[in-house]
Amino acid sequence: MTSATFTFADLNASDAAQRLHIDGKPVKLAVVGHPVEHSLSPAMHQPAIDALGLDYAYARVDLAPDDFAAGIQRMATLGMLGCNVTIPHKQAAFKVANEHDPISSELQVANTLVFDNGEILAYSTDGPGFVNAITEQFSIPLASMKVLILGAGGGAGTCIARQCAHEGVEQLILANRTIEKLDPLYQLLAPHLDSEHHLSGPGDRLLTCPMDSPELIELANQADLIVNATAIGLKRTDPSPLPHQALSPHHLVYDAIYRDTRLLKDARSHGASARDGRSMLLHQGALAFDIWLDQAPDIELMRDALNAAING
Ligand code: NAP
């Protein structure tokens with residue numbers, strides 16, 4: 001199957017309806033980003049769409065920030081069903097929508113849009129996708145764990161932190177390079193972790209820490225699950241975001257990055273369980289698929305296609 005990226009100019013061309021086809025199928029779904037060429041979403045969604053016997057194509061659409069709102073409106077007008085939204089548009093996706101699911105409302109971001117008779121509906125599936133990924137990968141309920149999130153102030157880290165708080169984790173430790181970014185998140189999450197049944201109070205159940213603090217090693221040691229939501233590891237030559245002395249055999253380590261990283265290698269060499277972020281990508285995509293098409297995809301088909309795209 002041909003992989004295609006469409007532009008704002010394609011959406012606005014007089015023959016846009018004819019252009020928006022891949023291998024003879026009309027484009028009904030897409031991932032929108034800038035850049036978007038690297039996105040793995042078409043590779044995992046198209047086989048799941050085909051498996052349902054639907055004559056729809058899933059495309060990439062590259063929209064610069066200034067063109068985002070008009071491009072989305074145009075996609076809706078052209079009869080598309082919806083889209084995934086990736087960097088740098090997740091906040092703009094919240095703003096372009098008329099209605100929002102509770103997570104999207106709370107965090108003011110969206111990664112999934114639905115075009116519904118002139119209305120645009122926004123959803124955020126990153127957090128629930130993370131929970132499904134952790135449950136699947138480690139077979140331990142999130143609520144029973146003490147969780148350290150590295151990069152909690154970023155887009156992915158905020159979604160993960162919010163979901164951990166709503167799941168009622170035993171303890172949540174938020175770490176970020178720019179510590180001030182954690183202030184609004186702390187205020188948002190503190191009420192969810194204010195239970196007298198756990199530890200000794202909200203101050204102990206919810207902690208913040210700068211990434212460069214020596215205290216991070218001690219906090220990592222007391223965590224059960226360590227999540228990397230920083231961008232450190234995206235480049236193959238990147239170091240680990242956490243000193244390796246912080247890792248122990250009792251740790252479960254999850255890196256939101258889709259492939260093996262220094263952190264995951266270090267974790268394994270210290271006897272910890274380590275998983276990369278492709279399962280989160282898979283599950284947030286599966287939830288979006290269900291929202292658009294009102295039926296769950298064949299998740300194992302999507303997983304195989306995603307693995308083939310990453311490994312290939
Ligand atoms: P983002 O909003 O730009 O956030 C980036 C985060 O990384 C921030 O916390 C930032 O800290 C931190 N960071 C960047 N460089 C750093 C450095 N040198 N030292 C310390 N911290 C640093 O990006 P995002 O969308 O959240 O993406 C973050 C990561 O998650 C990426 O690797 C992305 O691939 C991955 N991701 C995975 C999935 C999935 O489904 N598996 C979904 C979304 C994202 P500051 O706040 O101090 O800048």
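Trainee: Why is Cys159 called buried?

Mentor: Buried means under 20% relative accessible area, exposed over 50%, and partly exposed in between, using a 1.4 Å probe and protein chains only. Cys159 has 4% relative accessibility, so Cys159 counts as buried. Keep in mind that this is a predicted model, where local features need pLDDT of at least 70, side-chain atom pairs count only at pLDDT 80 or more, and totals for chains, interfaces and linings use all residues. Residues are numbered from 1 along each chain as its sequence is written, and side-chain values use heavy atoms, with hydrogens and water left out.

Trainee: Why is the pair of Tyr58 and Trp292 called tilted?

Mentor: Rings of Phe, Tyr and Trp (its six-membered ring) pair if their centres lie within 6.5 Å; planes under 30 degrees apart count as stacked, over 60 as edge-to-face and the rest as tilted. A search of the whole structure finds two aromatic pairs. In this one the ring centres are 6.2 Å apart and the planes stand at 55°, so the pair is tilted.

Trainee: What does that pair tie together?

Mentor: Tyr58 belongs to strand S4 (residues 57–62) and Trp292 to helix H13 (residues 278–293), so the pair links parts 234 residues apart in sequence. Helices (H or I, at least four residues) and strands (E, at least two) are DSSP runs, numbered from the N terminus. Tyr58 and Trp292 are both buried.

Trainee: And what makes Phe130 and Tyr254 an edge-to-face pair?

Mentor: Their rings are 6.0 Å centre to centre, with 80° between the planes. Phe130 sits in helix H7 (residues 126–138) and Tyr254 in strand S13 (residues 252–255), so parts 124 residues apart in sequence are tied together. Both Phe130 and Tyr254 are buried.

Trainee: How do you know that Gly157 is buried?

Mentor: Its relative accessible area is 0%, so Gly157 is buried. This glycine is found in helix H8 (residues 155–167). Leaving aside neighbours within four places in sequence, Gly157 is in contact (heavy atoms within 4.5 Å) with Ile149, Gly151, Ala152 and Ala229.

Trainee: Why is His89 called buried?

Mentor: With a relative accessible area of 1%, His89 is buried. His89 is found in the loop between S5 and helix H5 (90–96). Residues touching His89, not counting those up to four places away in sequence, include Val32, His34, Leu63 and Phe68.

Trainee: Which residues come nearest to the ligand?

Mentor: Of the 20 residues around the ligand, these are Gly155, Ala156, Asn176, Thr178 and Lys181. A residue is near a molecule or strand if one of its heavy atoms lies within 4 Å of it. H8 and H13 each supply at least two residues of the shell around the ligand.

Trainee: How far is the polar side-chain atom of Thr178 from an oxygen atom of the ligand?

Mentor: The distance is 2.5 Å. For Lys181, a side-chain N or O atom is 2.8 Å from a ligand oxygen atom, and a backbone N or O atom of Ala231 is 3.1 Å from one.

Conventions
Polar contact = N/O pair within 3.5 Å; in protein donor to acceptor, adjacent residues only side chain to side chain.
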